[in-house]
Amino acid sequence: MRLVVDLNRCQGYAQCAFLAPDVFAMHGDEGLLYDPQAEEAQRERLAQAAAACPVQAILVDDLDRDLAGVAEARDA
């Protein structure tokens, strides 16, 4: 699963580091470090982190498509 953070948009609120500490970490007050190749086991935490980002700086490839499939299956 590929993870991309727009570091120009990121304001260092650290919600992602709180929700997915195995993937995100703050370096100092404003620097964000992250693993761009997050493990599949982190999918749910990454979804929460992306949703919690106040500036929507986190993009997780295929996450929206996969979550939509889960919702469709649940509603069927």
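Biologist: In what order do the elements run from the N terminus on?

Modeller: They go β-α-β-β-α-β-α. That comes to three helices and four strands. Keep in mind that this is a predicted model.

Biologist: And what percentage of the residues is buried?

Modeller: Buried residues make up 30% of the 76 in the protein.

Biologist: Let's look at helix α2, then. Which of its residues are buried?

Modeller: Helix α2 covers residues 43-52, and the buried ones there are Arg-43, Leu-46, Ala-47, Ala-49 and Ala-50. Looking down the axis of α2, you find these buried residues within an arc of 165°, so they line one face of the helix.

Biologist: What's on the other side of α2?

Modeller: Glu-44 and Ala-51 sit there, and both are exposed.

Biologist: What does the Arg-43 side chain have a polar contact with?

Modeller: With the side chain of Glu-40, at 2.6 Å.

Biologist: New topic: aromatics. How many aromatic pairs are there?

Modeller: The count is one aromatic pair. Phe-24 and Tyr-34 form it, with ring centres 6.4 Å apart and planes at 35°, so the pair is tilted.

Biologist: Where do Phe-24 and Tyr-34 lie?

Modeller: Phe-24 is in strand β2 (residues 24-27) and Tyr-34 is in strand β3 (residues 31-34), so the pair ties together parts that are 10 residues apart in sequence.

Biologist: Is Phe-24 buried or exposed?

Modeller: Phe-24 is buried, with a relative accessible area of 2%. Tyr-34 has 25% and is partly exposed.

Biologist: Which residues are closest to the centre of the largest cavity?

Modeller: Cys-10, Tyr-13, Ala-14, Cys-16 and Cys-53, out of the 15 residues that line the cavity.

Biologist: And how does the lining of the largest cavity split by class?

Modeller: The lining has 12 nonpolar residues, three polar ones and no charged ones.

Notes
Residues are numbered from 1 along each chain as its sequence is written. This is a predicted model: local features need pLDDT of at least 70, side-chain atom pairs count only at pLDDT 80 or more; totals for chains, interfaces and linings use all residues. Side-chain values use heavy atoms; hydrogens and water are left out. Buried means under 20% relative accessible area, exposed over 50%, partly exposed in between (1.4 Å probe, protein chains only). Helices (H or I, at least four residues) and strands (E, at least two) are DSSP runs, numbered from the N terminus. The arc is that of the directions from the helix axis to the C-beta atoms. On a 1 Å grid over the protein atoms alone, a cavity is a set of points where a 1.4 Å probe fits but cannot get out, and a pocket is an open set with protein on both sides within 12 Å along at least five of seven lines; lining residues have an atom within 4 Å of a point. Ala, Val, Leu, Ile, Met, Phe, Trp, Tyr, Cys and Pro count as nonpolar, Asp, Glu, Lys and Arg as charged, and the others, Gly among them, as polar. A polar contact is a pair of N or O atoms within 3.5 Å; within protein, one must be able to donate a hydrogen and the other to accept it, and residues adjacent in sequence count only if both atoms are side-chain atoms. Rings of Phe, Tyr and Trp (its six-membered ring) pair if their centres lie within 6.5 Å; planes under 30 degrees apart count as stacked, over 60 as edge-to-face and the rest as tilted.
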